Amino acid sequence: MVRSWYMDDSDADQRCPHMTDPLQPVELDQLKKIGVLYWRLSGNEDDETLAGIRKDRGYTYDDLIEITPEKLPNYEQKIKSFFEEHLHLDEEIRYCVGGSGYFDVRDKDDKWIRIELEKGDMIVLPAGIYHRFTLDEKNYIKAMRLFVGEPVWTPYNRPADEKDARKEYLKTMGLAA
Ligand code: KMT
Ligand code: NI
């Protein structure tokens, strides 16, 4: 099952788990309420359930991203920008096929929830949700990126409240001001 928890506010390394003591776990239905979808798959690139999800949700594009200094051009800069709080105008869809990492998302009260992604975990972050990504202490992830049509990876760093995707997101989640 996906492991997800509220983050502590220590300024230790972003790659540390940042769990509180006692732990405040976050369940799948809490993630669903903020529009985050999750599946537990095999971790194989040709997973059968994945094929079904792709068909249902219209994910026509895929590629693989491997986050290592050798394989990711501009590694340091990318790592930094992944961890800047941002949103996208489209879903962010990631399927972990190796290694691990953390996606952090804001809950309805603007608190950080950390979601662990390990081999076999697939996650969809809705358009307009504020989030960020970091490697964990093992420093390696390989993930499939999916998209509907031609991919656009542009991040809009917070504040990006004027974006339609943000307004739509708040409205859909029943959070509109
Ligand atoms: C992103 O856009 O934040 C990423 O692609 C992060 C790495 S994919 C696990
Ligand atoms: Ni993103």
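In the present predicted model, local features need pLDDT of at least 70 and side-chain atom pairs count only at pLDDT 80 or more, whereas totals for chains, interfaces and linings use all residues. Residues are numbered from 1 along each chain as its sequence is written, ligands are numbered from 1 in the order in which they are written, and side-chain values use heavy atoms, with hydrogens and water left out.

The nickel ion (ligand 2) is coordinated at 2.0 to 2.1 Å by the NE2 atoms of His86, His88 and His131 and by OE of Glu92. Donors here are N, O and S atoms within 2.8 Å of the metal (3.2 Å for Na, K and Ca); water is not among the atoms, so sites may look incomplete. The arrangement is irregular because the four donor atoms subtend angles of 82 to 174 degrees. Along the sequence, the donor residues follow the spacing H-x1-H-x3-E-x38-H. Relative accessible area is 10% for His88, which is buried (under 20%; exposed is over 50% and partly exposed in between, with a 1.4 Å probe and protein chains only). Glu92 is likewise buried, at 7%.

A cavity is a set of points, on a 1 Å grid over the protein atoms alone, where a 1.4 Å probe fits but cannot get out, and lining residues have an atom within 4 Å of a point. The largest cavity holds about 40 Å³ of space, and one cavity of 30 Å³ or more is found in the whole structure.

The structure contains 14 salt bridges, each defined as a side-chain nitrogen of Lys or Arg within 4 Å of a carboxyl oxygen of Asp or Glu. Arg106 and Glu85 form one such pair, at 2.9 Å from N to O. Arg106 lies in strand 5 (residues 92-106) and Glu85 in the loop between helix 3 (75-82) and strand 4 (86-87), so the pair ties together parts that are 21 residues apart in sequence. Asp104 forms a salt bridge with Arg132, with the closest N and O atoms 2.8 Å apart. Salt bridges that share partners join Glu85, Arg106, Asp110 and Arg158 into one network.

Notes. Four donors count as tetrahedral if all angles lie between 85 and 135 degrees; four count as square planar and six as octahedral if opposite donors are over 155 degrees apart and all others between 65 and 115; anything else is irregular. On a 1 Å grid over the protein atoms alone, a cavity is a set of points where a 1.4 Å probe fits but cannot get out, and a pocket is an open set with protein on both sides within 12 Å along at least five of seven lines; lining residues have an atom within 4 Å of a point. Grid points are joined across faces, edges and corners, and a volume is the space filled by probe spheres set on the points. Helices (H or I, at least four residues) and strands (E, at least two) are DSSP runs, numbered from the N terminus.
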